[in-house]
Amino acid sequence: MTKQQRALVAIATLLVAITRWLALSRTLWDWDEAQFVVAMRHFDIAAHHPHPPGFPLFIAAANALHQLLGFDEFHALQALSFIAAVLIVPAMTSFALAAGADFLTSFLASLILAFFPNVWFYGGTALSDVPSMTLIVIALALLLRCGTADPGGAGRRVGGPTLLGLAAAIRPQNLLIGAYPLLRRRSIVAVLVTGAVAIVFYATAAWATGGWHVFLDALRKHQAYLAQHDAWTSPTRPPLTHLVDDFFIRPYRAQSINILTTVLAAIALIRHRKPVLIALASFGPFCLAAWLLLDRFSASRFSVGYAPLFALLAADALATFKPRMQTIAASVYIALMIVWTWPALRIVHTTISPPVAAANWLRANAHREVYVDPRMGAFGDALLPRITKRTSLWSAQPGDYVLTDGEGAIAFRRPHGHLWKLARQRYFEASVSPAQSPFAFGEGWYPQESSDDDTWRWMGGRGVIRVLASCKALTFDFYAPSLEATITINGMRFKPPASEFMKTIGAAPEVVIETDRVAHNPNDPRHFGLRLKSVDCVR
């Protein structure tokens with residue numbers, strides 16, 4: 001780049017920085033943001049703090065900001081996204097130039113990328129998507145520029161592979177994106193450098209989790225979950241042909257922008273110039289992987305990972321015009337994205353998210369236990385660390401509350417508008433209600449006991465549970481030391497197959513549990529027949 005071109009990139013970067021500041025979310029909102037916050041306090045991949053494989057560089061860098069600058073966990077994570085979002089213009093300009101595009105096309109591609117609605121929105125969150133995207137784009141630029149005739153070649157020979165390893169230490173998908181420019185160099189040293197950097201971070205993550213066996217077991221379980229729920233192997237996932245629209249045409253529902261981007265991408269693919277082919281070789285494998293494996297409901301977010309490809313395709317198509325008209329057309333395109341995205345950004349920038357609003361209310365008003373709906377579990381861990389939390393309502397007492405993402409006595413809602421079409425459509429509502437147990441414990445049961453982590457009830461030789469809610473089935477978890485238990489439901493007696501089991505109950509008004517013997521403790525006057533650890537209503 002010439003001196004004037006560098007100055008133009010610098011000015012654009014400063015202007016983009018202002019727009020990134022205005023897009024900063026006031027509070028966390030996404031489930032993964034909550035997991036990242038908890039991971040900064042106690043890193044444990046097996047407990048999904050965060051979920052596998054752990055984003056080790058992202059968490060380590062946020063912890064560094066937390067320790068050095070005093071940011072709280074959310075703002076430390078968000079600061080990384082903000083820095084990465086500010087660097088989009090120089091990073092993308094450098095990558096497009098390295099791929100062979102002219103300066104104007106490269107510069108316009110960087111501005112288009114910066115103002116894609118999903119890139120702009122997620123750059124203000126505490127998520128890893130934009131930091132991952134920006135870092136891999138910089139790595140690609142260095143890998144593509146590396147050459148022995150290049151004055152900076154020696155540095156890039158190490159810098160490119162190192163940055164690729166660092167990008168993989170945020171998200172392993174970046175190895176797919178960097179594979180083409182890395183392998184085309186035919187350097188075993190470059191491959192080893194990338195692998196060594198990534199392995200160091202994931203080995204540290206495994207150590208922090210409890211060792212490789214724990215780490216790999218968590219990874220296998222997570223892969224099994226993805227295969228069952230998110231990937232093309234899921235029985236509930238629509239056919240792949242139906243998901244082309246979600247991942248590549250309408251990752252967010254902005255019709256005019258979607259149509260224009262698709263038309264421009266098609267033109268660029270028809271032209272198939274060198275920069276486009278290089279971008280396709282780099283980002284194409286991850287596009288395929290996202291389409292096959294990732295959650296379709298989060299396409300807006302996951303498509304950030306390959307947004308640089310679509311930005312370059314759009315800019316390359318606009319290059320069919322003369323420079324002045326190319327600039328005007330790109331300006332109109334970008335202005336359209338700004339106008340559409342701005343209302344959504346104002347909502348997240350100026351309002352508290354429903355989960356945080358509900359947690360704030362509970363911190364001010366809850367003086368006993370809070371029952372956290374499993375769908376809000378990560379938020380409970382992140383936002384209510386000093387409040388005793390339970391996940392099952394069976395042991396609820398007067399004065400307890402329940403936190404859920406549905407309707408409730410006190411509801412906290414976020415406006416929809418364009419934000420509904422841009423973000424994942426969940427946690428737009430959270431609520432707090434008085435907790436009410438679906439059961440009443442009658443004769444034979446002793447008072448409830450609890451610790452910080454657990455709740456239980458003992459009974460003698462016979463205990464009666466009245467079912468107050470409409471339950472299709474009950475799940476039991478109990479302990480009967482050296483004794484046999486018998487349960488009666490609707491007059492039918494049976495012996496539990498295990499200490500944890502589920503049983504269909506129909507419209508049974510009560511459950512009777514009996515044991516053949518009771519145990520005694522010389523220091524306790526009670527008779528111990530069975531300890532109930534939990535009983536849940538399946539509605």
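Trainee: Why are α10 and α15 called roughly antiparallel to each other?
Mentor: The axes of helix α10 (residues 174-183) and helix α15 (residues 274-293) cross at roughly 150° and come within 7 Å, where axes are lines fitted to C-alpha atoms, for helices over the stretch in contact, and angles run from 0 to 180 degrees between N-to-C directions. Angles under 35 degrees count as roughly parallel, over 145 as roughly antiparallel, 65 to 115 as roughly perpendicular and the rest as oblique, and therefore α10 and α15 are roughly antiparallel. Please keep in mind that this is a predicted model, in which local features need pLDDT of at least 70 and side-chain atom pairs count only at pLDDT 80 or more, while totals for chains, interfaces and linings use all residues. Residues are numbered from 1 along each chain as its sequence is written, and side-chain values use heavy atoms, with hydrogens and water left out.

Trainee: Which residues of α10 and α15 meet, and what are their classes?
Mentor: Contact means heavy atoms within 4.5 Å, and Leu176, Ile177, Tyr180 and Pro181 in α10 meet Ile278, Ala281, Ser282, Phe283, Pro285, Phe286 and Ala289 in α15. Ten of the residues in this contact are nonpolar, one is polar and none is charged, given that Ala, Val, Leu, Ile, Met, Phe, Trp, Tyr, Cys and Pro count as nonpolar, Asp, Glu, Lys and Arg as charged, and the others, Gly among them, as polar.

Trainee: What makes α6 roughly parallel to α18?
Mentor: Helix α6 (residues 103-115) and helix α18 (residues 323-350) have axes that cross at roughly 5° and come within 9 Å, and that angle makes α6 roughly parallel to α18. Their contact has eleven nonpolar, three polar and no charged residues.

Trainee: Why are β7 and β13 said to stand at the edges?
Mentor: Five strands form an open, antiparallel sheet in the order β7-β8-β17-β10-β13, and β7 (449-450) and β13 (500-504) each have a single partner strand, so one side of each is left without a neighbour in the sheet. Helices (H or I, at least four residues) and strands (E, at least two) are DSSP runs, numbered from the N terminus.

Trainee: How do you know that β8 and β17 pair?
Mentor: Two strands pair if DSSP finds at least two bridges between them, and β8 (residues 455-459) and β17 (residues 530-538) have three, in the antiparallel sense. Tryptophan 458 stands opposite arginine 531 in β17.
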